[in-house]
Amino acid sequence: MKRKWNWPLWVGFVVAVGGLFSYEFFAQFPLTRDFPWANLSLFGIGATLLIFGLFRALGRPQLYRGKVFGTIFIVIAVALFALFSYEILYVLKQVPLSAQAPRVGEKAPSFSLPDQNGKEVALADLLSPNGAVLIFYRGHW
Amino acid sequence: MRSFQSRLSDFTSRGVHVAAISVDSKEINRLHSQKWGFTFPLLSDADAEVIRRYDVLHRGAGPKGTDIARPAEFYVDLAGTVQWVNLTENIAVRARPEQALGAIDAAPPIQ
């Protein structure tokens with residue numbers, strides 16, 4: 001008898017992989033960047049489907065495929081989740097202390113830098129009439 | 001930064017300029033301001049000299065281990081005095097425009 005296609009294993013694997021690779025996409029929106037809810041949800045859905053699929057494959061191997069590749073899928077998904085967790089819980093938090101950064105009440109160091117049109121912009125040019133918000137960012141290289 | 005662009009009128013109506021600083025070149029900044037419609041200055045601090053002066057350097061965090069800026073936001077008043085600093089502890093979590101606007105509204109008036 002031909003065994004049935006064990007779809008939760010495949011769908012679960014694709015969703016779990018999507019949980020990792022959609023990070024760049026969800027990082028565009030502050031709500032899903034500050035804390036990666038969307039990615040963790042995808043991992044959760046993927047894991048549920050994978051476990052369900054593997055139980056089917058192990059419990060009724062005469063009916064459902066996937067004992068071997070289901071196990072491989074789960075191992076890969078766990079590795080991807082570990083990589084994701086390492087990035088989220090460790091790498092993103094490796095920010096320098098910036099102990100010497102100007103504090104409230106101190107003078108902001110002056111500067112003059114070229115803008116996107118090649119025009120020199122000095123801090124002094126930005127302060128009138130009511131000050132300036134300076135955003136330091138990592139850049140796009 | 002896109003969120004600051006979309007709230008830019010709230011800054012200009014308060015008489016506050018917005019400027020962004022990174023190690024990106026003028027060319028990259030021009031491309032990105034075209035792509036995302038940034039109308040405030042993106043300032044190019046290619047050798048990270050100003051970034052160092054503000055002590056917001058992230059050593060080796062850029063491509064091929066180069067030095068870049070860590071995310072940080074300041075509000076500097078008319079007198080050049082810092083009135084608000086936001087130093088995130090997570091690269092992914094940056095200041096929202098509402099935080100900066102709140103800091104501007106809370107800053108003491110310049111005599």
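1. Helix H1 of chain A meets helix H5 of chain A through A:Leu9, A:Phe13, A:Ala16, A:Val17, A:Gly19 and A:Leu20 on the H1(A) side, against A:Gly70, A:Phe73, A:Ala77, A:Leu80, A:Leu83 and A:Phe84 on the H5(A) side. Contact here means C-beta atoms, placed from the backbone, within 7 Å. By class, this contact has 10 nonpolar, 2 polar and no charged residues. Nonpolar covers Ala, Val, Leu, Ile, Met, Phe, Trp, Tyr, Cys and Pro; charged covers Asp, Glu, Lys and Arg; the others, Gly among them, are polar.

2. On provenance: this is a predicted model, in which local features need pLDDT of at least 70, side-chain atom pairs count only at pLDDT 80 or more, and totals for chains, interfaces and linings use all residues. Residues are numbered from 1 along each chain as its sequence is written, while chains are lettered from A and ligands numbered from 1 in the order in which they are written.

3. Geometry of that first pair. H1(A) and H5(A) (residues 67-89) pack at an angle of about 15°, with axes 10 Å apart. That makes H1(A) roughly parallel to H5(A). Angles under 35 degrees count as roughly parallel, over 145 as roughly antiparallel, 65 to 115 as roughly perpendicular and the rest as oblique. Axes are lines fitted to C-alpha atoms, for helices over the stretch in contact, and angles run from 0 to 180 degrees between N-to-C directions. The crossing of H1(A) and H5(A) is left-handed: the near helix is turned anticlockwise from the far one by less than a right angle.

4. H1(A) (residues 7-21) also packs on helix H4 (residues 37-59) of chain A, at about 160° and with axes 7 Å apart. H1(A) and H4(A) are therefore roughly antiparallel. H1(A) passes H4(A) in a left-handed crossing. Contact residues of H1(A) include A:Pro8, A:Val11 and A:Gly12, and those of H4(A) include A:Leu42, A:Ile45 and A:Leu49. This contact divides into 14 nonpolar, 6 polar and no charged residues.

5. H4(A) and H5(A) close the set of helix pairs discussed here. Their angle is about 160° and their axes lie 10 Å apart. H4(A) and H5(A) are therefore roughly antiparallel. The crossing of H4(A) and H5(A) is left-handed. Among the residues that meet are A:Phe43, A:Ala47 and A:Leu50 in H4(A), and A:Lys67, A:Ile74 and A:Phe81 in H5(A). The classes are 11 nonpolar, 5 polar and 1 charged.

6. Now the interface. Chain B contributes 62 residues and chain A 42 residues. On the chain B side, 35 are nonpolar, 15 polar and 12 charged.

7. Helices (H or I, at least four residues) and strands (E, at least two) are DSSP runs, numbered from the N terminus. Two strands pair if DSSP finds at least two bridges between them.

8. A:Ala132 stands opposite B:Val76, and A:Ile135 is partnered by B:Glu73.

9. S5(B) (residues 72-76) is mostly covered, with 5 of its 5 residues buried. Buried means 20 or more other C-beta atoms within 10 Å of the residue's own; 12 or fewer is exposed, and in between is partly exposed. B:Ala72, B:Phe74 and B:Val76 point one way, B:Glu73 and B:Tyr75 the other. S5(B) also pairs with S6(B) (residues 82-87), antiparallel, over 5 bridges. B:Ala72 stands opposite B:Leu87. S5(B) and S6(B) form a hairpin with 5 residues between them, and B:Gly80 in the turn has a positive phi of about 85°.

10. Which residues does A:Phe136 contact, its neighbours within four places in sequence aside? They are B:Ile21, B:Ile51, B:Tyr54, B:Val56, B:Ala69, B:Arg70, B:Pro71 and B:Ala72. A:Phe136 sits in strand S3 of chain A. A:Phe136 counts as buried because of its 28 C-beta neighbours inside 10 Å.

Methods
Two residues are in contact if their C-beta atoms, placed from the backbone, lie within 7 Å.
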